[in-house]
Amino acid sequence: MEYVDPLTGFRVDGRRPNEMRKLKGEVGVVARADGSALFEMGNTRVIAAVYGPREVQNKGQQVNSKEALVRCEYRMAEFSTGDRRRKPKGDRRSTEISLVIRQTMEASILTHLMPRSQIDIFVQVLQADGGTRSACINAATLALADAGIPMRDIVTSCSAGYLCSTPLLDLNYLEDSAGGADVTVGILAKMDKVTLLQMDAKLAMDTFENVMGLAIEGCKAIATYIREVLLENTKRLECQRG
Amino acid sequence: MLQSKSFVKKTKQGRIQKVVREHYLRDDIYCGFVPCSACDAAAERKLVADAAAILVVDTNVVLHQIDLLENPAIEDVVLLSVVLDEVKNKNLAVFNRIKALCTNKARRFYVFANEQHRDTYVKDMVGESSNDRNDRAIRVAAHWYQSHLGESVKVLLITNDRDNKRKAIEEGLNAETVESYVRSLAQPGLLDLVVVPTSGDVTMEDVEDHRPSKRKVIYSEHKPMSEITSGLRCGIYHQGKLRVNRYNPFEAYVGSESIGDEIVIRGRSNMNRAFDGDIVAVELLPQDQWHESKSFIADDDEEEEEEEDVHLVPNSADDAPRNASSTQSSVGSSAPSVSSRPVGRVVGIIKRNWNSYCGSLQPMPMPAGSGGVAHALFVSKDRRIPKIRIQTRQLENLVNKRIVVAVDSWGVLSRYPSGHYVRTIGDIGDKETETEVVLIENDINTRPFSTQVLACLPPLPWTLSQEDLANPNRQDLRHVRVFSVDPPGCRDIDDALHCTLLPNGNFEVGVHIADVTNFVHPGTPLDEEAAQRGTSVYLVGQRIDMLPKPLTEDVCSLRADVERLAFSVIWEMTPDADIISTRYTKSVIKSCAAMSYVEAQARMDDSRLVDPLTVDLRNLNSLAKIMRQRRCDRGALTLASAEVKFEIDSETHDPLDIGIYQIREANQMIEEFMLAANISVAEKILKHFPLCSLLRRHPSPTKEMLEPLLRTASSIGLNLDVSSSKALAESLDNAKSNDPYFNKLIRILATRCMTQAVYFCSGDLTFSEYYHYGLAASLYTHFTSPIRRYADVVVHRLLAAALEIAKLPPIFQDGPQLTGIADNLNYRHRNAQMASRASVELHTLIYFRTRPTDTEARIVKVKANGFIVFVPKFGIEGPIHLTPKGDKGGDWVVDEVHQRVTKPGTNISYAVLQTVRIHMEVVEPQPHRPKLQLTLI
């Protein structure tokens with residue numbers, strides 16, 4: 001199958017290779033949580049809720065009493081994919097993604113400011129159409145900011161792939177399942193540091209660099225958008241306070 | 001703007017799934033019209049201002065009138081993406097042609113992505129079929145063009161669909177049918193290219209056939225697709241590719257996976273309008289109809305008849321006629337195994353493989369009153385293709401020409417498919433024309449290399465640079481006495497050798513191969529072109545290069561007395577030809593002599609010469625003899641072929657003399673070292689890249705394939721053991737008689753039972769399948785001719801990567817793509833061989849046109865009304881009829897077991913392998929259709 005039309009240069013869904021899907025971010029969607037956010041990348045839609053910082057519930061999990069304990073749970077809703085199948089909690093894939101999100105977020109949270117406390121991040125995929133891992137990280141960033149948890153920088157993530165000898169930004173499910181390489185990058189936007197880099201195929205060194213460069217561009221664009229959303233939200237809060 | 005598409009699909013497991021996809025609509029798609037000011041200035045523009053009209057074509061126009069669109073008279077065409085998508089789904093071949101038109105800078109064909117444009121996207125309406133929706137999308141896009149460009153330019157929708165045209169006119173668009181548009185261009189020649197709509201078929205029939213009986217339904221209707229798919233699933237029907245017997249167009253085979261055997265299909269009515277290469281659904285006939293009927297030609301009451309032409313001797317089973325129906329039905333044979341092959345008939349065609357074909361019009365009386373539309377029957381040169389009915393307005397121009405014709409349709413009422421004229425190649429019988437026909441038929445690209453390809457060449461004149469010498473991976477071997485031995489007049493020298501005596505008494509033997517990959521880099525247009533061509537093609541007196549001439553004849557060619565880059569395999573060998581060590585390196589060499597085989601042979605034979613070069617040659621020769629002996633002991637087959645050689649007049653390029661190509665010791669010597677180099681390289685690359693090496697294998701022939709050989713052998717009392725290549729080699733060696741040519745004849749017969757060796761990707765097969773039967777080598781590849789074979793280029797890259805000189809190009813990580821390359825190479829390789837054979841046949845005909853000859857021939861096969869003879873002197877073979885044509889051969893009795901034909905009551909008999917005297921002469925049974933005829937004297 002041709003994922004990039006050789007004559008028009010468009011992808012299957014009408015994007016150009018270096019274009020992202022439509023982004024949408026909203027904070028404060030879960031009233032009970034300390035911070036929450038909804039994030040959409042095209043048809044991929046995830047919700048994140050943050051509880052904390054709060055007292056460590058299970059002391060046994062605490063490794064270092066001088067730093068906050070960050071926990072993360074990733075789940076896919078049973079209705080999130082086309083075929084409605086029971087997704088067991090704690091399967092390999094969600095354990096792995098939970099770990100990835102936790103590590104990425106830990107890199108930006110100033111954990112040393114909150115000793116003997118714990119932060120819980122819950123991310124749930126409502127609708128999956130490729131790039132859930134990136135969307136979850138972006139949603140978690142928004143939710144953490146909403147909860148007012150101190151962070152070094154905004155962490156954003158975006159994926160890029162390589163199909164039909166073209167680097168493609170932000171793969172959707174169809175492109176993701178094409179079997180090409182899928183590079184997921186997470187960066188600290190202002191500090192320009194990479195906190196996450198995953199790839200699940202082989203790529204030649206120079207193509208890899210191109211693909212990764214494209215993903216970083218995508219991350220930066222998302223960071224700008226997230227900053228806007230947060231700014232908007234802060235202004236709204238300011239207005240409410242009067 | 002965002003739209004979402006949602007549809008329901010069934011997964012492979014049979015579950016129903018709802019799929020939702022995003023569909024982005026954009027405002028940055030431009031019209032491509034040069035003077036348009038509303039669109040972005042940087043956008044690509046193709047449609048010019050002074051065009052009479054901008055044409056918007058619909059899907060069926062592209063599908064059926066592609067030959068017309070390819071004509072330069074049609075320009076300024078807008079192709080909508082909805083049309084392209086539909087074309088792609090319906091016919092990939094047409095899609096590739098239209099794609100080539102769109103990417104061709106010289107043509108003004110613009111692709112407009114209407115499905116992505118904000119204003120031209122149409123939503124599916126409830127209850128609307130997808131065809132109607134697409135037609136509506138086309139009209140909306142045409143409308144957009146008209147309103148976007150304003151009144152200054154006429155936008156014309158071209159459609160043959162009456163309904164669509166009516167709706168378009170109602171909506172205020174300009175719309176016309178293809179025919180009326182072409183008529184308005186006032187170029188009568190163009191009208192021949194227009195495909196007549198299928199409804200015209202019946203009227204055509206009326207014109208041509210006055211006999212009322214002919215109006216009957218000739219073929220059974222094809223089953224509808226839904227029935228075929230369900231039939232395939234429950235095993236009633238079998239799917240496969242139809243291959244028509246090259247030597248008997250009334251017999252075809254369908255290789256079916258579901259049965260695991262070939263299904264035989266006999267007669268045109270059972271083939272049911274299928275062409276060679278079509279994917280068809282086949283229904284098996286009841287077993288009692290499986291018997292091999294000899295009279296199958298009779299149930300097709302056609303004027304055509306099975307007739308074998310004189311042709312070149314086949315070199316392998318792939319070239320040879322199938323051992324179809326002639327033998328197993330022998331009288332009184334009570335063996336239960338009689339025809340175990342299933343016989344079937346075609347019930348439907350899943351995928352058409354219609355192409356354009358070369359040939360000529362069947363001679364016919366010129367109709368009175370020229371200038372009008374005439375109907376004619378086209379006879380393809382490829383005998384597998386049935387006659388094609390065409391309409392033309394220029395009959396008198398076409399009668400004695402070779403023309404190209406494309407097929408359009410084949411209804412149940414008409415005996416022949418209908419098609420249309422595409423172009424004229426030249427006069428029948430003219431050497432250039434016929435050569436071009438050969439090239440077209442074998443899909444050989446003769447176009448000059450494009451500028452992009454030529455831009456990849458190194459600056460000329462090329463000389464050895466300091467960088468090359470300073471490269472640590474490149475060894476300087478200029479001081480070594482390297483020489484090359486090739487056929488006389490060879491310009492593309494890709495191999496050279498050296499042989500030095502080492503102080504310890506061993507020899508250092510080097511094979512130096514032109515370093516083509518130093519100039520042809522992966523991914524460049526040059527590389528893509530070479531990959532596509534696959535091989536150089538050698539015709540009589542002509543060569544079609546794989547690489548541009550400067551590379552082929554100069555920069556890469558290892559000519560004498562110039563410094564050239566090479567890729568070398570260097571062995572240390574004992575005087576007993578045992579390889580002690582092997583080393584591979586890129587190198588710089590300076591050949592001291594480029595000899596021909598004759599020269600090299602003369603030097604070796606002249607005992608007075610003791611110069612170093614001659615000594616090297618003799619050393620190499622003695623090593624080669626040992627290696628050859630060892631190879632034969634291992635079971636390599638010494639096969640024989642009857643290759644011929646022409647002496648060509650330098651002025652007229654007509655053949656002056658013809659003779660069998662002589663194989664000398666020098667040829668065998670070079671061959672031996674090339675084989676050794678190929679095997680060494682194959683081992684090396686497979687060790688490093690077990691999954692992505694390009695190797696060459698030769699499958700062992702099956703019992704069935706060897707059967708004609710065994711039958712012939714047993715009829716003359718010779719016992720051949722074919723259990724393994726070694727056993728066969730030995731029994732071939734023992735096949736001796738007092739007839740000096742006997743052994744060679746048996747070897748020739750054995751050769752043609754084998755299939756050809758093929759390239760493959762090592763990841764696709766298991767190790768035991770890598771075996772090369774003919775060479776009795778467990779591994780083999782092609783390394784030694786990178787100038788003329790692309791496979792060698794690929795292997796050079798693999799070897800360089802194995803030596804860590806260069807990086808492995810990314811293509812090797814893509815298994816399917818590599819398999820695709822291997823398949824293309826096999827296809828090109830085969831076509832190149834077919835083309836050179838056809839070229840030789842053509843020149844044979846030209847040669848005998850002025851020289852009727854009497855000569856000796858050997859009978860190789862006995863048939864009902866005659867036998868097939870092989871003419872050793874000229875390497876051709878053809879039928880000899882004992883009885884006149886049409887006569888069923890009543891007074892000759894064929895004894896199949898002993899392969900003998902006798903005339904009862906007399907003692908005249910002919911047996912297989914017997915020598916006969918024949919007369920060869922070119923006759924013209926029909927004007928402008930010369931053919932070679934053999935008669936017994």
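Student: Which hand does the crossing of helix 13 of chain B and helix 25 of chain B have?

Tutor: That crossing is right-handed. Keep in mind that we're looking at a predicted model.

Student: Which residues of helix 13 of chain B meet helix 25 of chain B?

Tutor: From helix 13 of chain B you have Lys431(B), Glu434(B), Thr435(B) and Val438(B), and they meet Ala835(B), Ala838(B), Leu842(B), His843(B) and Ile846(B) of helix 25 of chain B. Sorted by class, this contact has 5 nonpolar, 2 polar and 2 charged residues.

Student: What else does helix 13 of chain B lie across?

Tutor: Helix 13 (residues 431–441) of chain B lies across strand 14, strand 17 and strand 18 (418–427) of chain B, and runs at about 135° to strand 18 of chain B.

Student: How should I read those strands?

Tutor: Strands of a sheet pair through backbone hydrogen bonds, either parallel or antiparallel. In chain B, a closed barrel of 5 strands runs 14-15-16-18-17, with mixed pairing. From one strand to the next, the twist averages 50°. Take one pair: strand 14 (residues 356–361) of chain B and strand 17 (residues 401–409) of chain B are antiparallel over 4 bridges. On that pair, Cys358(B) stands opposite Val404(B) in strand 17 of chain B.

Student: Back to helices. At what angle do helix 1 and helix 2 of chain A cross?

Tutor: The axes of helix 1 (residues 92–106) of chain A and helix 2 (residues 132–147) of chain A cross at roughly 45° and come within 10 Å. That makes helix 1 of chain A oblique to helix 2 of chain A. Their crossing is right-handed, and the contact residues divide into 7 nonpolar, 3 polar and 3 charged.

Student: And salt bridges: how many are there over all chains?

Tutor: Side chains of opposite charge can pair when their charged atoms come close. The count over all chains comes to 59 salt bridges. Glu2(A) forms one with Lys88(B), where the closest N and O atoms are 2.6 Å apart. Glu2(A) sits in the segment before strand 1 (23–27) of chain A and Lys88(B) in helix 3 (residues 81–90) of chain B, so this pair joins two chains.

Technical notes. Residues numbered from 1 in each chain as written. Chains lettered and ligands numbered in written order. Predicted model: local features only at pLDDT ≥ 70, side-chain atom pairs only at ≥ 80, totals over all residues. Heavy atoms only, no water. Pairing = 2+ DSSP bridges. Axes fitted to C-alpha atoms, helices over the stretch in contact; angles between N-to-C directions. Contact = heavy atoms within 4.5 Å. Parallel < 35°, antiparallel > 145°, perpendicular 65-115°, else oblique. Left-handed = near helix turned anticlockwise from the far one by under 90°. Nonpolar A, V, L, I, M, F, W, Y, C, P; charged D, E, K, R; others polar. Salt bridge = Lys/Arg side-chain N within 4 Å of Asp/Glu carboxyl O.
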